[in-house]
Amino acid sequence: MKILVAVKRVVDYNVQIRVKEDGSGIITDNVKMSTNPPDDNATEEAVKIKEAGKSKEVVAVTIGEEKAQETVRKALAVGADRGIHVKIDGIIEPLAVAKILQKVVEKEKPDLVFMGKQAIDDDCNQTGQMLSALLNWPQATFASKIEVKDKKLEVTREIDEGLETVEINIPAIVTCDLRLNEPRYASLPNIMKAKKKPIEQLNASDLGVDTSSRIEQIKVEEPPKRKAGIKVSSVAELVQKLKNEAKVI
Amino acid sequence: MSREAMEYDVIIVGGGPSGLTTAIKLKQLDSSLNICLLEKASEIGAHILSGNVFETRALDELLPNWKDLNSPIKTKVKKEKFLFLSKTKSLSWPTWLLPNVQQNHKNYIISLANLCRWLGEQAEALGVEIFPGFPASEILYNEDGSVKGVATQDMGIDKDGNKKDSFEPGIDLIGKVTVFAEGCRGHLGKQLIKKFELDKGKDPQQYGIGFKEIWEIDDKNHEEGLVMHTAGWPLDNNTYGGSFIYHAENKQVFLGYVIGLDYKNPYLSPFDEFQRFKTHPVIRKIIEGGKRISYGARALIEGGFQSLPKMFMPGALLIGCDAGTLNMPKIKGSHTAMKSGIIAAETIFESIKENKDLSIFEDKFNKSWIYEELYRARNVKPSFNWGLIIGIIFTGIDQILFRGKLPFTLKHKHADHETLKPANKMQKIEYPKYDNVITFDKTSSVYLTGTNHTDNQPVHLQLKDPNLPISYTLEKFDEPAVRYCPAGVYEIQKEKDINKFVINSQNCIHCKTCDIKEPSQNINWVTPEGGGGPKYGNM
Ligand SMILES: Cc1cc2nc3c(=O)[nH]c(=O)nc-3n(C[C@H](O)[C@H](O)[C@H](O)COP(=O)(O)OP(=O)(O)OC[C@H]3O[C@@H](n4cnc5c(N)ncnc54)[C@H](O)[C@@H]3O)c2cc1C
Ligand SMILES: Cc1cc2nc3c(=O)[nH]c(=O)nc-3n(C[C@H](O)[C@H](O)[C@H](O)COP(=O)(O)OP(=O)(O)OC[C@H]3O[C@@H](n4cnc5c(N)ncnc54)[C@H](O)[C@@H]3O)c2cc1C
Ligand code: SF4
């Protein structure tokens, strides 16, 4: 069995995002970038399945600018066997990503595609679902547990009511939740070895995919500042304020 | 359990200006050398915080064509000001009356973090193997006592010391020579100085804490290339310190404050002095209407010539601010750190090729401009022990008339952890409330640093005696850690009338102040899990 893992390069989750003055986007110069966190879970799960002898090859793919390669390197350092970097500059929307992934899937013919449940930069939570539709493959989203059973997968999903367990046929798309596993650290010798693993370079423009935007971004702005809190001296004052000023009770 | 080991010609600990310079120079001398550089931050530059007005002297020697290499050195210093502040007034000091060392017209205003990122790229292009996210946590020794290399930190240990699922053991990195370039108060450098008695016969080391904020300000207040320093208010005559305001590119100003850690009043809060400083009318005028976009703090090493330890030992070199090559009257340490890196590389090259002893470092060092520079600067900092006014008068005579060549050397008398007076003998200081426009609290400041440490890991701020903070330090000094830590890591919490000392280690921005100032030297800063700590952008 072959597993394709999609990994995205995003602004590190600890970084304080700053909006560009003209509202055209966020500042990324000299900002620490990392792999989208749930994508690390996706890679970890694929590597675990491989280590359990249930998969032969794990291939990591990223779509993005030149530096997005670092994201593939990181996946290689934690156990993926080889990488694919589809080069394209600028912001690309989920549909374009899904279409490019569709081409990669057609070429690589994996049995499973693992992805993150959503990317922390645009929070779209769409790419996995769109890819599933394009390929007409079954999907299990928000996976917090994956069991490989012959030609099927048993996936536990985290939903607002609790846990839901579904069974889907392979080939399939799984989008991974943060609670799926604890991603391992890349060890120094493995980072060294990863430098020697192959990364295939493709150009998005050569894949015959229409990557043009379908969404017009009007403006990016910071959320309004929270007002400073006040201290109340008694419960009675609190109740009075909640009733008369905040009007919430 | 025996750890995996990897061998290199040279191991470099720390990816600041000194470590990166060593790596680049070594590759220039012999491209076949295998060099490994470890950096504790998640990427090169993410733990670097500096002013920074940059003197290019060492860089000119290292990469003479740096102007053609798309370096982030762009803003030339165009104008200088020096102000004495009283509470509401300011007095401008004519620049022609400034000692040479404080004149900057040949220098550049840069982000040192970005310079390091760029130096990192140069080093990688030459084939240096750089590993960010890997702190060196332990020194390895050969049987004959010489330094053998370092071990990297184990990853994936929980707070009780058990291995987590993600456990990844550290590895032994073994080098013919190991270079320690951890910057001010390196946690391994500290051990080496002790073990090899590198500071024997030297004055106690001196430190300061430096704060920095980056502000995006109104066009009308911005004057690209302007360098301004102040002395005086809000500090009293007996506390050593001052501010810097550098007008960089993109409408940004780098605004900072440095305070000597030899301050005496345990009620003094360096963070609050800095916040208060911004409310002075001349400073407020610059930043009003602007926006604070970054915050951070880092200790500086200020002892200079008198305190500079021996920088070589069997199997290893100690360079840059890890040793203490900063020039205090200039408040510049980047160029000297880099120069010490060049000398280190030349030393190592000869040592590996011609089997020479590492002690040749000293002769090379003493013959270079760095020695001359530190020698001439040596009397400035100690003269401020006499207070700001006499210090300035003395510095004028020493630096302008005698150019640092007076025939005597003033001593640093005390280590910084010895200078606090008991709280009951000192005055409490009332600091103004934060207005969230010009001044801010620690929580919202630390938020801007992007600091994080994986939560379930051992506390990296170790107490030698866990009871001491409450039984002694609180009693005698009103626990100054609460105030000197720029990140609010330390708190005294009252639970049912019993005081508890709380360490919020996940907020630590790796400034090292606690390790320096704790009166009983009870706090030991050790490396946390790799990649933890601040994620500074263009600091
Ligand atoms: C406080 C909070 C924070 C959260 N934070 C995160 C987070 O950071 N990351 C994350 O991944 N998830 C988060 N979640 C969970 C996430 O919001 C939900 O999982 C997600 O919204 C579920 O999407 P959905 O499309 O299934 O349904 P919903 O988003 O619940 O539904 C979408 C809309 O569809 C309409 N609709 C739905 N069902 C019907 C129906 N039967 N008939 C008519 N209209 C209908 C309603 O208008 C509804 O508002 C959070 C949830 C909460 C409550
Ligand atoms: C507020 C302030 C203002 C300053 N202004 C100026 C100025 O205007 N001009 C000027 O020239 N200089 C200035 N300096 C001084 C200058 O920043 C330092 O002299 C210079 O950074 C020293 O370089 P270094 O390479 O020795 O150490 P550092 O720059 O401190 O670099 C050390 C590196 O090693 C890493 N490290 C530490 N320990 C370990 C470990 N155990 N394992 C792995 N990695 C480790 C650190 O994360 C860091 O990246 C200023 C300093 C401060 C704090
Ligand atoms: S805990 Fe120590 S090293 Fe960390 S930020 Fe506070 S004073 Fe600095």
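I looked up A:Leu242 and found it partly exposed, with a relative accessible area of 30%. Here buried means under 20% relative accessible area, exposed means over 50%, and partly exposed lies in between (1.4 Å probe, protein chains only). A:Leu242 sits in helix α6 of chain A, residues 235–244. Helices (H or I, at least four residues) and strands (E, at least two) are DSSP runs, numbered from the N terminus.

I note that this is a predicted model: local features need pLDDT of at least 70, side-chain atom pairs count only at pLDDT 80 or more, and totals for chains, interfaces and linings use all residues. Residues are numbered from 1 along each chain as its sequence is written, chains are lettered from A and ligands numbered from 1 in the order in which they are written, and side-chain values use heavy atoms, with hydrogens and water left out.

**Ligand 1**

I checked what surrounds ligand 1 and found A:Lys117, A:Gln118 and A:Asp160. A residue is near a molecule if one of its heavy atoms lies within 4 Å of it. The side chain of A:Gln118 has an N or O atom 2.4 Å from an oxygen atom of the ligand. For A:Lys117, a polar side-chain atom lies 3.2 Å from a ligand oxygen. On its own, ligand 1 has 970 Å² of accessible area, and the protein covers 13% of that. Accessible areas come from the Shrake-Rupley method with a 1.4 Å probe; for residues, only the protein chains shown count as cover.

**Salt bridges**

I counted 55 salt bridges over all chains. The rule is a side-chain nitrogen of Lys or Arg within 4 Å of a carboxyl oxygen of Asp or Glu.

I then followed A:Arg9, whose side chain meets that of A:Glu70 in a salt bridge at 4.0 Å, N to O. This pair links distant parts of the chain, 61 residues apart: A:Arg9 is in strand β2 (residues 9–11) of chain A and A:Glu70 in helix α2 (residues 69–77) of chain A. A:Arg9 counts as buried at 17% relative accessibility. A:Glu70 counts as partly exposed at 47%.

B:Glu61 lies in helix α2 (residues 57–62) of chain B and B:Lys339 in helix α7 (residues 334–354) of chain B, so the pair ties together parts 278 residues apart in sequence. B:Lys339 is buried at 10% relative accessibility, whereas B:Glu61 is partly exposed at 33%.

Definitions and conventions
Polar contact = N/O pair within 3.5 Å; in protein donor to acceptor, adjacent residues only side chain to side chain.
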